Amino acid sequence: ANFKGMHFWNHLLDEGEDVLSFKKPLGPYIKCAQDRWKRVQNLDLSMYVDSAWDEAINCVLFSHQKLLDKVQSRLLRLPQHSCPVSTEYFDELKKIYAPYASHVLNQKGQGVWVPSYP
């Protein structure tokens, strides 16, 4: 969600180069003309929402082991409780996010996030 949010704000005014390529330019959506903001084109939010937002596909990393344990115990009640639930969607996401996939996507399953500092 945060990565796609960056795209939304980048496309809003379309003033910077985007790190991902799209089939057609998505912005700008608004422009300032004569000291007033005007809509240039309609906004389609579906361009900014994808399966990477789905924590059953893009596995979540929790901040604490206690939270992970609670979530995993509840997931055991569901018929499909492994993450990702769909490798097909995940493979599509890897194509979309290409060089950034390892920073944006998590296919290894739920876990505890451990920050890595340079």
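Visitor: Hi! How many disulfides does the structure hold?

Guide: Welcome! This is a predicted model, and it holds 1 disulfide. The partners are Cys59 and Cys83, with sulfur atoms 2.2 Å apart.

Visitor: Where do Cys59 and Cys83 lie?

Guide: Look for Cys59 in the loop between β2 (36-39) and β3 (61-62), and for Cys83 in the loop between α2 (65-75) and α3 (87-97). The pair therefore ties together parts that are 24 residues apart in sequence.

Visitor: Is the disulfide left-handed or right-handed, and why?

Guide: Left-handed, because the torsion about the S-S bond of Cys59 and Cys83 is about -110°.

Visitor: And are those cysteines buried or exposed?

Guide: Cys59 is buried, at 5% relative accessibility. Cys83 is buried too, with a relative accessible area of 15%. Buried here means under 20%, so both values qualify.

Visitor: What about Cys32?

Guide: Cys32 has a relative accessible area of 46%, so it counts as partly exposed.

Visitor: Switching topic: which residues make up the largest nonpolar core?

Guide: There are 9 residues in that core: Phe3, Leu20, Ala52, Ile57, Phe90, Leu93, Tyr97, Ala101 and Leu105. Helix α3 supplies the largest share, 3 residues.

Visitor: What does the side chain of Asn58 reach?

Guide: The backbone oxygen of Ala52, at 3.1 Å. Beyond its neighbours within four places in sequence, Asn58 is in contact with Ser51, Ala52, Phe90, Val104, Leu105 and Asn106.

Visitor: One more: which helix is His11 found in?

Guide: His11 belongs to helix α1, which covers residues 2-13. With a relative accessible area of 4%, His11 is buried.

Visitor: What does the side chain of His11 make a polar contact with?

Guide: With the side chain of Tyr48, at 2.8 Å. Tyr48 is also one of the residues in that second core.

Technical notes:
Residues are numbered from 1 along each chain as its sequence is written. This is a predicted model: local features need pLDDT of at least 70, side-chain atom pairs count only at pLDDT 80 or more; totals for chains, interfaces and linings use all residues. Side-chain values use heavy atoms; hydrogens and water are left out. A disulfide is a pair of cysteine sulfur atoms within 2.5 Å. Helices (H or I, at least four residues) and strands (E, at least two) are DSSP runs, numbered from the N terminus. Buried means under 20% relative accessible area, exposed over 50%, partly exposed in between (1.4 Å probe, protein chains only). A polar contact is a pair of N or O atoms within 3.5 Å; within protein, one must be able to donate a hydrogen and the other to accept it, and residues adjacent in sequence count only if both atoms are side-chain atoms. A nonpolar core is a set of buried Ala, Val, Leu, Ile, Met, Phe, Trp, Tyr and Cys residues joined through side-chain atoms within 4.5 Å. Contact means heavy atoms within 4.5 Å.
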